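Please look over the sequence and the structure shown here before reading on, and keep both in view while you follow the report.

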Amino acid sequence: MQLLEERIRKDGKVFPGDVLKVDSFLNHQLDAELLDAVGAEIADLFKDCAVTKVLTAEASGIAVACFVAAHLHCPALFAKKTRTLNIAASVWSAKAHSYTHGNDYTMVVSKEYLSSEDTVLIVDDFLANGSALRAMRNLCIEAGAKVAGAGIAIEKAYQGGGDELRAEGMRIESMARIASMDAEDGIQFC
Ligand code: 5GP
């Protein structure tokens, strides 16, 4: 998506540890018009999939997920992140590893909001190694829900998580795919 790539080129900052900071429009301050365009594009790609719920993870996926859900006319549901070991019986849970914090955590969603009746579109701001996406897919598997696929704002394609999940049969649509990035040479898109 050209609009998003242009914005990443203009405002994205490459940090050590393969972290792209996009705080000015996606992860801290939100450019609602841009995110609405991203949401419309993702929703259009999945419009024939009978999606009943958009699933994301707190906190940084929520903004994109809301715009996608508005265009698909369905609810957005965000998995909560917890370190609690005693997980209540009323939630679906899945383990994940945080790319940005480096720790393991558990994602939970209430059984009240995700069930075998649902067809889910998973949405996230970033896709790197794929741990967050796998955990959300596992939540859906636990719930018996169907996964239509995933809509991602920014995929760091060179980190391989997306291609692994595609090889496993998951449909993943990314609005910007980064082929390589570093502080000196900048950002190259696929
Ligand atoms: P993965 O689980 O695919 O390795 O990483 C995806 C998650 O880590 C996303 O939910 C996102 O919050 C975070 N993340 C991964 N890479 C980056 C990055 O370069 N920049 C930012 N801001 N977040 C990232």
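This is a predicted model: local features need pLDDT of at least 70, side-chain atom pairs count only at pLDDT 80 or more; totals for chains, interfaces and linings use all residues.

## The ligand and its shell

The elements that give two or more residues to the shell around the ligand are strand 2 (19–21), strand 7 (119–127) and helix 5 (131–143). Strand 7 gives the most, with 4 residues.

There are 17 residues around the ligand, and those that come nearest are L20, A128, N129, G130 and K156. When the residues of this shell are divided by type, 7 are nonpolar, 6 are polar and 4 are charged.

A polar backbone atom of L20 lies 2.8 Å from a nitrogen atom of the ligand. Side chains take part as well: an N or O atom in the side chain of D124 is 2.8 Å from an oxygen atom of the ligand, and a polar side-chain atom of D125 is 3.4 Å from an oxygen atom of the ligand. Taken alone, the ligand exposes 500 Å², and the protein buries 91% of that area.

## Two buried residues

K53 is placed in strand 3 (residues 53–57), and it counts as buried because its relative accessible area is 14%, where the cut-off for buried is under 20%. The side chain of K53 reaches the backbone oxygen of Y113 at a distance of 2.7 Å.

L4 is found in helix 1 (residues 2–11), and with a relative accessibility of 2% it is also buried. Between L4 and A88 there are 84 residues of separation in sequence, and in space the two are 39 Å apart, taken from C-alpha to C-alpha.

## Backbone angles to look at

Most residues other than glycine have a negative phi, and most peptide bonds are trans. With this in mind, D18 deserves a look, with a positive phi of about 60 degrees although it is not a glycine. D18 lies in the loop between strand 1 (13–15) and strand 2, and it counts as partly exposed because its relative accessibility is 30%.

A50, which is not a glycine either, has a positive phi of about 55 degrees. The place of A50 is in the loop between helix 3 (32–45) and strand 3, and A50 is exposed, with a relative accessible area of 56%. Finally, the peptide bond that runs from E58 to A59 is cis, with omega near -5 degrees, and A59 belongs to the loop between strand 3 and helix 4 (62–72).

Terms used: Residues are numbered from 1 along each chain as its sequence is written. Side-chain values use heavy atoms; hydrogens and water are left out. A residue is near a molecule or strand if one of its heavy atoms lies within 4 Å of it. A polar contact is a pair of N or O atoms within 3.5 Å; within protein, one must be able to donate a hydrogen and the other to accept it, and residues adjacent in sequence count only if both atoms are side-chain atoms. Accessible areas come from the Shrake-Rupley method with a 1.4 Å probe; for residues, only the protein chains shown count as cover. Ala, Val, Leu, Ile, Met, Phe, Trp, Tyr, Cys and Pro count as nonpolar, Asp, Glu, Lys and Arg as charged, and the others, Gly among them, as polar. Buried means under 20% relative accessible area, exposed over 50%, partly exposed in between (1.4 Å probe, protein chains only).
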